[in-house]
Amino acid sequence: MSDEATLNNAEFRAAFLANEQQVRINTGKVACALVIALMPAGVVLDLAVYPDMFVKFLGFRLFCSALAVGLFYLHKTKFGEKHYQYLGLPIALLPAGFIALMIHVVKTPADSPYYAGLNLILLSVSVVVHWSTRESLIAVAGVFVMYFAACLTKTHLDNWHILFNNLYFLSLTGIIVVTGNYFFNRLRFREFALRFELDKNQKALAESNQKLLELDQIKGRFFANISHELRTPLTLLLSPLETMMHGRDRQIDPDSRSLMAIMHGNGMRLLKLINDLLDLVRLESGRMEVKREALEMSAYVRGLIGAAQQMADAKGLRLEISVEPGHGAVLADRDKLEKMILNLLFNALKFTPKGGSVTLR
């Protein structure tokens, strides 16, 4: 996307102008502070170069600093925040005007070394405030005119070569300032555009991640609900089947009883898979909890054997249990311990050849 197309984007333009406002206000305050501090400090130079003008120049410098103080506080007002783009030029033109005045009041303005201060102002303020290209052109032209006007009325014919020399170096400084600000502003604009796009993409990514998280939670709730819904009818099927299998009704022939045992074994496997799915959903949602309760191990383990006994009988396997006396009650999660023991039993029964035995000890 080109710079012009980017700037025409309403959202980007609003963000860029808001950033530009804050940057210009902050840098404007810094530039004003430099003027406030450095203008009075120039009295050291006045004592060395123009000792007879010391008092007058001190008055000029203090007055300039006082105006810079007002300009500094103007940056803090609502008016300054609203019209920040008009406060950058006065920061440079104010001290430049007073330096040009000091140049004008001396006997031979063209000979004054103070023209170097104008170069310094253009360079330093443009670096701190970061003018636009248009502001740079206005500032350079304003300083050039101020210096030329300060020297014009008092410059003799034999001093024109010095005036030309000074104007030449002022012009070079102006070209450097305008060119530097032009390329710096383009670079700063592109840097902000890249940062804006990065922030926008990060925001979109965060929103996508949030939606994925919500979808994952919905998926978890769906699987939890479907697992509960599947487990309920399966339990209702297994319970009557167990009653028929364990009944003493002689009308059920051995083949039918064997088929029931196979049905019961496969039903138990399906119930185990459903319970595993439910545990997986709980684990993904961070809600896997251990419910501790006192379990009498001998009775508890013997009860589990009944669930696997039909599978053992169907395969012609002998299933035995051995619980050492004195174990008593232990704290455990009934459901999770049941899944672990049944998983071990079913695997053992599955891979034990017919006629073998499986012992739970």
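Lys 200 is partly exposed, with 36% relative accessible area (under 20% is buried, over 50% is exposed and anything in between is partly exposed, using a 1.4 Å probe and protein chains only). This is a predicted model, so to speak of local features a pLDDT of at least 70 is needed, side-chain atom pairs count only at pLDDT 80 or more, and totals for chains, interfaces and linings use all residues. Residues are numbered from 1 along each chain as its sequence is written, and side-chain values use heavy atoms, with hydrogens and water left out.

What does Lys 200 form a salt bridge with? The partner is Glu 11, and the closest N and O atoms sit 3.7 Å apart. That pair ties together distant parts of the chain, with Lys 200 in helix α9 and Glu 11 in helix α2 (residues 10-41), 189 residues apart. Helices here are DSSP runs of H or I with at least four residues, numbered from the N terminus. Glu 11 is partly exposed too, at 47% relative accessible area.

The rule for a salt bridge is a side-chain nitrogen of Lys or Arg within 4 Å of a carboxyl oxygen of Asp or Glu, and by that rule the count comes to six. Another of them joins Glu 135 and Arg 24, whose closest N and O atoms are 3.0 Å apart. Here again distant parts of the chain are linked: Glu 135 belongs to helix α8 (residues 133-152) and Arg 24 to helix α2, 111 residues apart. Are these two buried or exposed? Glu 135 is buried at 4% relative accessibility, and Arg 24 is buried at 6%. Then there's Glu 320 with Arg 318, where the closest N and O atoms are 2.8 Å apart. In that pair Glu 320 is partly exposed at 33%, and Arg 318 is partly exposed at 45%.

Now for the rings. Searching the whole structure turns up 16 aromatic pairs, meaning rings of Phe, Tyr and Trp (its six-membered ring) with centres within 6.5 Å; planes under 30 degrees apart are stacked, over 60 edge-to-face, and the rest tilted. Phe 12 and Phe 16 have ring centres 6.0 Å apart and planes at 15°, so they count as stacked. They are four residues apart in helix α2, which means about one helical turn separates them. Phe 12 is buried at 1%, and Phe 16 is buried at 14%.

Tyr 168 and Phe 169 make an edge-to-face pair, because their ring centres are 5.4 Å apart and their planes stand at 80°. Tyr 168 is found in helix α9 (residues 160-246) and is partly exposed at 45%, while Phe 169 is partly exposed at 36%. Together with Phe 164, Leu 172 and Ile 175, these two make a nonpolar surface patch of about 510 Å². Patch members need over 30% relative accessible area and no salt bridge, with nonpolar side chains (Val, Leu, Ile, Met, Phe, Trp, Tyr) joined within 5 Å and like charges within 9 Å. The areas come from the Shrake-Rupley method with a 1.4 Å probe, and for residues only the protein chains shown count as cover.

Key. Helix = DSSP H or I, 4+ residues; strand = E, 2+ residues; numbered from the N terminus.
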